[in-house]
Amino acid sequence: MSILLKNIIPVLNAEWIGNTPEAEVEAISIDSRSLQNSSHTLFFALVGPNNDAHLYIKDLIEIGVQNFVVTYIPEECKAKANFIVVQNTLEALQQFAAYYRALFKFPVIGLTGSNGKTIVKEWLNFLLSPDFNVIRSPKSYNSQVGVPLSVIAINEKHNLGIFEAGISTVTEMEKLEAVIKPTIGILTNIGSSHDEGFENLEQKIKEKLLLFKDSKVLIYQKNKLIDKCILPDTKTFSWSFEQENADVLVFKKQTENQSTTLHYKYKGNAYELNIPFQDKASIENAISCLLLLLYFNYDSATIQSRMLLLFPVEMRLKVKTGINNCSLIDDSYSSDFQSLKIALDFLESQKQFQKKTVILSDIFQSGLSNEELYSKVAQLIVSNNISRVIGIGETISEFKEKFTHCITFKNTAEFVSNFENLEFANETILIKGARSFQFEEIVYLLEEKTHETVLEINLNAISYNLNFFKSKLKPDVKIMVMVKAFGYGNGGLEIAKLLEHHKIDYLGVAFADEGISLKNGGIQLPIMVLNPENTSFSAIIQHQLEPEIYCLKSLHAFLKIAKHKNLERFPIHVKLDTGMHRLGFEEDSIDELIATLKGNVHVEIKSILSHLATSDDVKHRDFTDSQISLFDKLSSKIVSELGINPVRHILNTSGISNFPDAQFNMVRLGIGLYGVSNDPSEQKYLENVGTLKSVISQIKTISAGESVGYGRKFMAEKPTKVGTIPIGYADGISRAWGNGVGFVTIKDKKAKIIGSICMDMLMVDVTEIDCTEGDAVIIFGESPTVSYIAKKLNTIPYEVLTSISQRVKRVFYR
Ligand SMILES: *Cc1c(COP(=O)(O)O)cnc(C)c1O
């Protein structure tokens with residue numbers, strides 16, 4: 001892309017404040033963290049309900065970014081850059097993308113539906129790439145933000161676009177349609193679920209069909225309801241398993257060895273097609289692809305040869321623990337320029353190690369000549385401060401000279417045989433390769449070998465939940481997030497890094513050593529230590545942590561050290577006991593507290609806090625109200641007698657929900673961030689963060705009368721198929737969850753836990769489930785939820801979450 005700034009202004013209908021309208025824009029960005037931001041970037045400062053990218057403009061100007069689309073110009077940035085001022089920066093991004101899209105005239109396939117869009121998109125890309133230079137949405141970029149970003153990546157060399165659109169409520173599709181302007185439409189499986197953003201299924205379908213309002217053709221599976229909703233002018237090309245009047249009539253034939261034979265009738269002729277899948281969803285998605293190929297007039301032999309090679313699609317970037325203290329980012333399923341950019345941004349946002357290695361295969365389908373392409377890749381590598389590139393493939397080997405610190409191998413096997421000499425340690429490694437290179441072998445070599453049980457943490461869900469709670473806060477109320485107990489079992493450092501990016505105000509931990517490991521990991525946010533032992537005060541001071549002081553004895557001890565070290569105004573937090581009766585100054589010790597601190601120059605009260613005992617239970621509302629008013633009274637007294645202006649805070653997660661008037665100047669968010677609420681009506685609004693997963697190690701069928709496990713606690717009454725799963729009470733699964741109380745989820749079905757849970761294993765009944773050894777098992781996540789387990793076990797979600805042992809590997813993803 002190369003567009004003059006002055007040409008963008010009228011497109012956005014905007015006010016212009018700046019000096020260099022002739023500035024050239026070569027890239028668009030919305031991510032302040034991206035190292036790809038440069039003087040030719042146009043940065044759109046998006047504003048979410050709780051995030052405001054205007055906050056990052058100052059930093060961006062410092063690193064050389066000069067062009068911004070904003071709703072206002074931050075005070076300290078005035079006259080320092082070019083600003084295009086608009087009403088709404090997201091709409092501006094969409095308008096820009098629509099303008100940019102209109103510069104290109106080639107066919108564009110637009111996809112929507114409830115399921116399958118990303119898979120069909122990836123498959124079509126694979127099927128059509130021998131004949132076209134395809135530009136497609138990277139990953140699942142299908143949102144109001146993702147779609148414009150996808151479209152903006154088009155260049156002059158592309159001659160076919162494939163973009164997906166996802167919506168969650170009415171009015172959204174219109175905007176995406178204007179950006180994508182598909183000439184060919186594909187509606188994938190629409191699902192029958194009643195989505196929250198729509199009144200009913202019909203409304204959902206109508207809304208989705210708006211994507212195709214100007215398309216030349218719509219490809220879809222025939223269905224009465226959809227037929228009723230299709231706009232009268234839309235030309236269709238349909239398929240069906242049963243309706244004779246569909247353009248393509250499909251019959252499913254035998255399935256064997258993981259594959260399916262389909263017979264189809266088209267224009268009066270009958271054909272046969274083999275696809276390497278058996279499940280219903282994959283078959284439907286493959287048929288959508290078939291129709292597109294027929295529409296493009298491919299012959300049945302070509303269709304067959306290409307479709308036989310379809311593959312499962314993995315779209316997520318996964319962070320894994322590597323050997324020798326490395327951290328891996330596994331993106332071993334695709335290799336195109338656009339997704340490389342995304343992966344590099346992700347690498348940067350992880351900020352784990354100084355040293356960064358990229359293992360990269362040949363790159364396909366850029367539309368550019370190899371010369372141009374690898375020059376661009378090399379530039380990208382430089383701007384992302386990559387320490388070393390390991391190129392794998394014939395083509396990238398040819399262009400090795402373009403990179404500094406680069407070694408190359410002709411193929412993956414050559415890399416593998418040289419693995420021992422490559423020395424990977426204390427670094428972040430991005431593994432990015434096209435499917436055909438089988439980089440999963442490389443991931444396997446680099447991955448730390450632990451057992452197969454993992455706790456997967458969805459970082460996007462954490463951001464989402466944070467924003468949900470932020471939206472409940474009055475303006476200027478600060479937010480502290482409790483990351484004690486290893487982020488409630490979810491991983492301390494990774495989550496702290498994400499929170500730092502979200503510019504929260506404080507972190508809270510229970511003990512000094514938790515705070516120290518965060519500081520050692522590079523966290524710069526202030527950290528309050530709830531439970532500082534007197535013996536840890538020196539370490540607290542040394543690492544710039546901030547102790548909570550909860551009694552005169554510890555106050556005196558801390559003051560003594562502070563004086564001895566000659567500290568000035570060292571931050572401390574004063575905890576008041578207003579009824580919890582755990583830690584804190586009681587009412588009768590407040591006078592002495594004030595007297596002790598009067599005139600003291602060694603410490604400064606940064607905040608005064610108290611903790612609620614029953615904020616989750618509205619039955620005890622009166623008690624909570626009395627805690628809040630006592631807190632107000634005592635803290636006001638300290639404030640006025642000492643003449644200070646500290647932050648005051650008392651609310652935890654359920655306090656935020658139930659006592660919105662007691663926010664004072666800050667709140668302390670805990671369990672809610674991790675997607676768990678004490679209140680079922682609120683739970684609906686939170687996204688699940690942690691999924692504890694394992695696999696089936698072995699399956700056996702036992703006869704009636706045989707037993708399972710220690711103490712023969714399960715007796716089979718009929719032939720029973722038993723699956724053994726390698727997770728037990730030493731991993732944090734309560735024994736009380738065994739013996740028919742609890743269940744796990746396998747292939748979306750419940751499998752009851754039978755017999756007693758062992759130290760490292762448990763057994764489940766899979767008689768009714770079509771599963772095999774190695775299949776994935778969900779211990780908790782969407783189902784069963786942590787809250788459900790807690791309820792059945794007569795405990796609270798906090799205990800279930802924090803019980804998961806540290807030997808269970810945590811895997812973070814977006
Ligand atoms: C753990 C904790 C919190 C957070 O509680 P949640 O119920 O998880 O939100 C807040 N304040 C203090 C003092 C805590 O110990």
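Over residues 689-813 the chain is 11% helix and 36% strand, and the end C-alpha atoms lie 10 Å apart. UniProt, in an unreviewed entry, lists these residues as "domain: Alanine racemase C-terminal". UniProt positions are given in the numbering used here, with shortened feature names, and annotations may be inferred rather than shown by experiment. Helices (H or I, at least four residues) and strands (E, at least two) are DSSP runs, numbered from the N terminus.

This is a predicted model, in which local features need pLDDT of at least 70, side-chain atom pairs count only at pLDDT 80 or more, and totals for chains, interfaces and linings use all residues. Residues are numbered from 1 along each chain as its sequence is written, and side-chain values use heavy atoms, with hydrogens and water left out.

**Annotated active site**

Which residues does UniProt place under "active site"? The unreviewed entry gives Lys484 and Tyr710. They are spread over 227 residues of sequence and also spread in space, up to 35.7 Å between C-alpha atoms.

Lysine 484 is in helix α17 (residues 484-488). With a relative accessible area of 26%, lysine 484 is partly exposed; buried means under 20%, exposed over 50%, and partly exposed in between (1.4 Å probe, protein chains only). Not counting residues up to four places away in sequence, lysine 484 touches Gly508, Val509, Ala510, Glu514 and Leu530, where contact means heavy atoms within 4.5 Å.

Tyrosine 710 is found in the loop between β34 (707-708) and β35 (714-715). Its relative accessibility is 61%, so tyrosine 710 counts as exposed. With the residues up to four places away in sequence left out, tyrosine 710 touches Ser756 and Cys758.

**Around the ligand**

Residues around the ligand include Lys484, Arg582, His611, Thr653, Gly670 and Tyr798; a residue is near a molecule if one of its heavy atoms lies within 4 Å of it.

| Residue | Atom of the residue | Distance to an oxygen atom of the ligand |
|---|---|---|
| Threonine 653 | polar side-chain atom | 2.4 Å |
| Glycine 670 | backbone N or O atom | 3.0 Å |
| Tyrosine 798 | polar side-chain atom | 2.6 Å |

**Aromatic rings**

A search of the whole structure finds 30 aromatic pairs. Rings of Phe, Tyr and Trp (its six-membered ring) pair if their centres lie within 6.5 Å; planes under 30 degrees apart count as stacked, over 60 as edge-to-face and the rest as tilted. Phenylalanine 631 and phenylalanine 664 form an edge-to-face pair, with 5.0 Å centre to centre and 90° between the planes. Phenylalanine 631 lies in helix α23 (residues 621-642) and phenylalanine 664 in the loop between α24 (653-658) and β31 (666-669), so the pair ties together parts that are 33 residues apart in sequence. Phenylalanine 631 is buried, at 0% relative accessible area, whereas phenylalanine 664 is partly exposed, at 22%.

One aromatic cluster is formed by Phe44, Phe96, Tyr99, Tyr100, Phe104 and Phe106.

Charges also sit over rings. Lysine 252 lies over the face of phenylalanine 241, 4.9 Å from the ring centre. The charged end of lysine 750 sits over the ring of phenylalanine 743, at 4.8 Å from its centre. Such a charge counts if NZ of Lys or CZ of Arg is within 6 Å of the ring centre and within 35 degrees of the ring normal.

Conventions
A polar contact is a pair of N or O atoms within 3.5 Å; within protein, one must be able to donate a hydrogen and the other to accept it, and residues adjacent in sequence count only if both atoms are side-chain atoms.
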